[in-house]
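Take a look at the fold, then work through the topics below.

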Amino acid sequence: VEHGGAKYAALGRGKSRGTKLVSLSGAIAKPGLYEVELGTTLRTVLYDLAGGVPGGKAFKAAQIGGPLGGILGAQHLDTPLTFEDLAEAGGMLGHGGIVVYDEDVDLVRIGRGLMKFCAVESCGKCFPCRIGSVRAPEIFDTILDGRGTQADLDLLGEVNETMLVGSLCALGGGIPLPIRNLLTSFVDEFAKHVPGARTPDVV
C-alpha cells in the first residue's frame with residue numbers, strides 16, 4: 001500500500017505476482033504463518049524459514065492448499081510456490097495451508113481421512129460425491145485392515161475418476177487430487193498394506 005501496486009507486482013514469478021501467506025503445521029520445527037514472495041521454493045519455506053522436520057526424521061510429503069490440495073513428495077521440494085508451478089507438479093497453491101508429513105506417517109491413512117472429510121462435508125446433491133465419498137473410505141478400510149488387493153486399488157482409482165469428472169462442485173471434484181497423488185507418486189505406501197501394489201490404470 002505504501003509503495004504502490006507496481007512495486008508489489010514486481011514481486012513474484014510468472015503470472016503469480018506479489019506475496020502469499022502460507023500457514024505451516026504438522027511435522028515442522030517452527031509452525032506458523034509466513035509471508036513469502038510467490039516463487040519461493042517449498043524447500044526454502046520448509047527448511048530455511050521453518051527449520052525443517054524435527055527430531056532428525058526424514059521429510060515424506062507435504063499437502064499444500066487444504067484438504068483438496070495435492071500431496072507432494074521430496075522430488076517436489078524445489079518447486080516454486082506459484083499457482084502455475086504447483087499445478088504443473090500435480091498440486092495446487094489454494095489458500096496456502098501446508099501440512100508436513102514425516103517418515104512415520106502412513107499416507108494411506110491420510111487418504112482415508114481426506115475421503116472421510118469429503119463424506120462429512122458433502123451436501124449430497126450429486127451421486128458421484130455422495131456415494132463415492134462413502135465408498136472410498138470403505139475401500140481404504142479394507143486396505144488398512146490388510147484385506148486389500150490390487151482390485152481394491154483399481155476400484156479406488158475408478159471411484160476417484162468418477163468423482164473428478166462427475167461431481168457438481170469443487171468438493172467432490174477436488175478431493176480426487178490428493179488421492180490421485182497418493183495412487184501415482186506414493187503407491188509404495190499402499191504396498192505396505194497390499195503386497196505388489198501398483199498404480200491403477202485409471203486414477
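This is a predicted model: local features need pLDDT of at least 70, side-chain atom pairs count only at pLDDT 80 or more; totals for chains, interfaces and linings use all residues.

The largest nonpolar core holds 30 residues, and a search of the whole structure finds 10 salt bridges. One buried aspartate, Asp152, has no salt bridge at all.

**Nonpolar cores**

- In the largest nonpolar core, the residues that touch the most other members are Met115, Phe140, Ile143, Leu156, Leu183 and Phe190.
- Two or more residues of this core come from each of helix H4 (107-121), helix H5 (127-144), helix H6 (150-166), helix H8 (176-185) and helix H9 (187-191).
- With 6 residues, H5 gives the most to this core.
- Beyond its neighbours within four places in sequence, Leu183 is in contact with Leu153, Leu156, Gly157, Phe190, Thr199, Pro200 and Val203.
- Another core, of 23 residues, lies apart from the largest one and has Val36, Leu42, Ala62 and Ile64 among its members.
- As a general background point, nonpolar side chains tend to be buried together in soluble globular proteins.

- Strand E3 (residues 19-26) pairs with strand E4 (residues 32-37) in the antiparallel sense, over 6 bridges.
- The two strands E3 and E4 form a hairpin, with 5 residues between them.
- Leu24 has Gly32 in E4 as its bridge partner.
- Ala6 sits in helix H1 (residues 5-9), and Ala6 counts as exposed because its relative accessible area of 69% is over the 50% cut-off.
- Ala6 and Gly18 are 12 residues apart in sequence, and their C-alpha atoms are 9.8 Å apart in space.

**Salt bridges**

- Asp78 forms a salt bridge with Arg43, with 2.7 Å between the closest N and O atoms.
- This pair links distant parts of the chain, 35 residues apart: Asp78 is in the loop between E6 and H3, while Arg43 is in helix H2 (residues 42-49).
- Arg43 is partly exposed, with a relative accessibility of 35%.
- Asp106 and Arg109 meet through their side chains in a salt bridge of 3.9 Å, N to O; Asp106 counts as buried at 18% relative accessibility.
- Another salt bridge joins the side chains of Arg147 and Asp145 at 3.2 Å, N to O. Arg147 is exposed at 53% relative accessibility, and Asp145 is exposed at 53% as well.
- Lys60, Glu189 and Lys192 are linked in a network of salt bridges.

**Asp152, a buried charge without a salt bridge**

- Which side chain of opposite charge is nearest to Asp152, and how far away is it? The nearest is that of Arg135, at 5.8 Å.
- Asp152 belongs to helix H6, and a polar atom of the Asp152 side chain lies 2.9 Å from the backbone nitrogen of Thr149.
- Not counting residues up to four places away in sequence, Asp152 touches Ile139, Thr142, Ile143 and Arg147.

**His76 in its loop**

- His76 is found in the loop between strand E6 (71-73) and helix H3 (83-88).
- Is His76 buried or exposed? His76 counts as buried because its relative accessibility of 15% is under the 20% cut-off.
- Leaving out residues up to four places away in sequence, His76 touches Leu42 and Ala89. Leu42 is also one of the members of the core of 23 residues.

How values were computed: Residues are numbered from 1 along each chain as its sequence is written. Side-chain values use heavy atoms; hydrogens and water are left out. A nonpolar core is a set of buried Ala, Val, Leu, Ile, Met, Phe, Trp, Tyr and Cys residues joined through side-chain atoms within 4.5 Å. Buried means under 20% relative accessible area, exposed over 50%, partly exposed in between (1.4 Å probe, protein chains only). Helices (H or I, at least four residues) and strands (E, at least two) are DSSP runs, numbered from the N terminus. Contact means heavy atoms within 4.5 Å. Two strands pair if DSSP finds at least two bridges between them. Lys and Arg count as positive and Asp and Glu as negative; His and the chain ends are not counted. A salt bridge is a side-chain nitrogen of Lys or Arg within 4 Å of a carboxyl oxygen of Asp or Glu. A polar contact is a pair of N or O atoms within 3.5 Å; within protein, one must be able to donate a hydrogen and the other to accept it, and residues adjacent in sequence count only if both atoms are side-chain atoms.
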